[in-house]
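Trainee: Please take me through this model one question at a time, with the cut-offs stated as they come up.

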Amino acid sequence: MRLDRFLTNLPCYNRQHVRLLLAQRRVSVDGVAVSDPLHEVREFSRVVVDEQVLQPGRPARYLMLHKPAGCVSATRDPQHPTVLDLLPADLRDDLHIAGRLDYNTTGLLILTNDGQWSRRLTQPKTQVAKTYLVQTEDEIGAHYVDKFREGFYFAFEDLTTQPAQLDLLGPREARLAIVEGRYHQVKRMFGFFQNKVVGLHRQSMGAIELDPGLAPGQFRVLSDSEIACF
Ligand code: URA
């Protein structure tokens, strides 16, 4: 949110106050005096006026996990281990998952406590491609490629999926890039051909690729350049 809006939303300041505070450089964001009313205040920013803390700020966290098969993409589950169980307890607090994977799907899973950032990564309108390696029970025909590009009608959501790129890698193996993350999307797409997905692995989300140095179950913090991708 813009800094001037953030301040006028508080009961203690009106617009005139805010203009004055900014002109007199009495407002600081993350320790730096700011006079620009358009300065972006994020949920993690520390905002102080005349030494009074208006928003305490907190550290943003961004992690990539190599999700193994046999765990749930949820923060809690009564029956099964969750992906959060793979992280140290002091890192788990307030994390959410940016793009869930099914119980037996493996590969890149991103966890963060920055809601704005994860929305940019997952919302279909931002057109971020997620790539998957797919293995199927039956052969993948060359005619699949056009259908994936055209889209599949999903009756439950009453929508047609956005154009997806399917590259055949072998008789029963393909790489698929999709810009959405509908419920069981990949399995439902192949289901159109009554071809069961028997292996599914997410390789990348936009420019963020699963680190080949991470074994299933391992995680690392995203680099600044990876975070800056979204
Ligand atoms: N599509 C699926 O069907 N499953 C996943 O885990 C991810 C995408």
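Trainee: At the start of H2, which backbone nitrogen does a side-chain oxygen of Asn14 reach?

Mentor: This is a predicted model, in which local features need pLDDT of at least 70, side-chain atom pairs count only at pLDDT 80 or more, and totals for chains, interfaces and linings use all residues. Residues are numbered from 1 along each chain as its sequence is written, and side-chain values use heavy atoms, leaving out hydrogens and water. Helices (H or I, at least four residues) and strands (E, at least two) are DSSP runs numbered from the N terminus. At the start of H2, the Asn14 oxygen comes to within 3.0 Å of the backbone nitrogen of Gln16.

Trainee: Which residues of helix H2 are buried?

Mentor: Buried means under 20% relative accessible area, exposed over 50%, and partly exposed in between (1.4 Å probe, protein chains only). In H2, residues 15–23, the buried positions are Val18, Leu21 and Leu22.

Trainee: What covers the buried residues of H2?

Mentor: Contact means heavy atoms within 4.5 Å. The cover includes helix H1 (3–8), strand S1 (27–29) and strand S3 (47–49).

Trainee: Asp4 is found in helix H1. With which side chain does the side chain of Asp4 make a polar contact?

Mentor: Asp4 is buried at a relative accessible area of 17%, and Val18, Leu22 and Pro37 are the residues it touches, not counting those up to four places away in sequence. A polar contact is a pair of N or O atoms within 3.5 Å; within protein, one must be able to donate a hydrogen and the other to accept it, and residues adjacent in sequence count only if both atoms are side-chain atoms. At 2.7 Å, the partner side chain is that of Arg2.

Trainee: Which residue of S4 stands opposite Val48?

Mentor: S3 and S4 are antiparallel and pair over three bridges. Opposite Val48 is Val53.

Trainee: Ser45 is found in the loop between S2 and S3. Which backbone nitrogen lies 2.8 Å from a polar atom of its side chain?

Mentor: Ser45 counts as buried, at 5% relative accessibility. Residues it touches, setting aside those up to four places away in sequence, include Val29, Glu40 and Gln55. The backbone nitrogen in question belongs to Arg42.

Trainee: Which residue stands opposite Leu176 in S12?

Mentor: S12 pairs antiparallel with S11 (residues 165–170) over five bridges, and a hairpin of two residues joins S11 to S12. S8 (residues 130–136) also pairs with S12 in the antiparallel sense, over six bridges. The residue opposite Leu176 is Tyr132.

Trainee: How much of the ligand's exposed area does the protein bury?

Mentor: Among the residues around the ligand (a heavy atom within 4 Å) are Tyr132, His184 and Leu200. Backbone N or O atoms lie 3.1 Å from a ligand nitrogen at Val186, 3.1 Å from a ligand oxygen at Lys187 and 3.4 Å from a ligand oxygen at Gln185. Taken alone the ligand exposes 240 Å², and the buried share of that is 95%. Accessible areas come from the Shrake-Rupley method with a 1.4 Å probe, and for residues only the protein chains shown count as cover; the value asked for is 95%.

Trainee: What separates the C-alpha atoms of Gln218 and Leu65?

Mentor: Gln218 is in the loop between S14 (208–209) and S15 (219–221) and counts as partly exposed at 39% relative accessibility. Met64, Leu65 and His66 are among the residues it touches, not counting those up to four places away in sequence. Gln218 and Leu65 are 153 residues apart along the chain, and their C-alpha atoms are separated by 5.9 Å.

Key: Two strands pair if DSSP finds at least two bridges between them.
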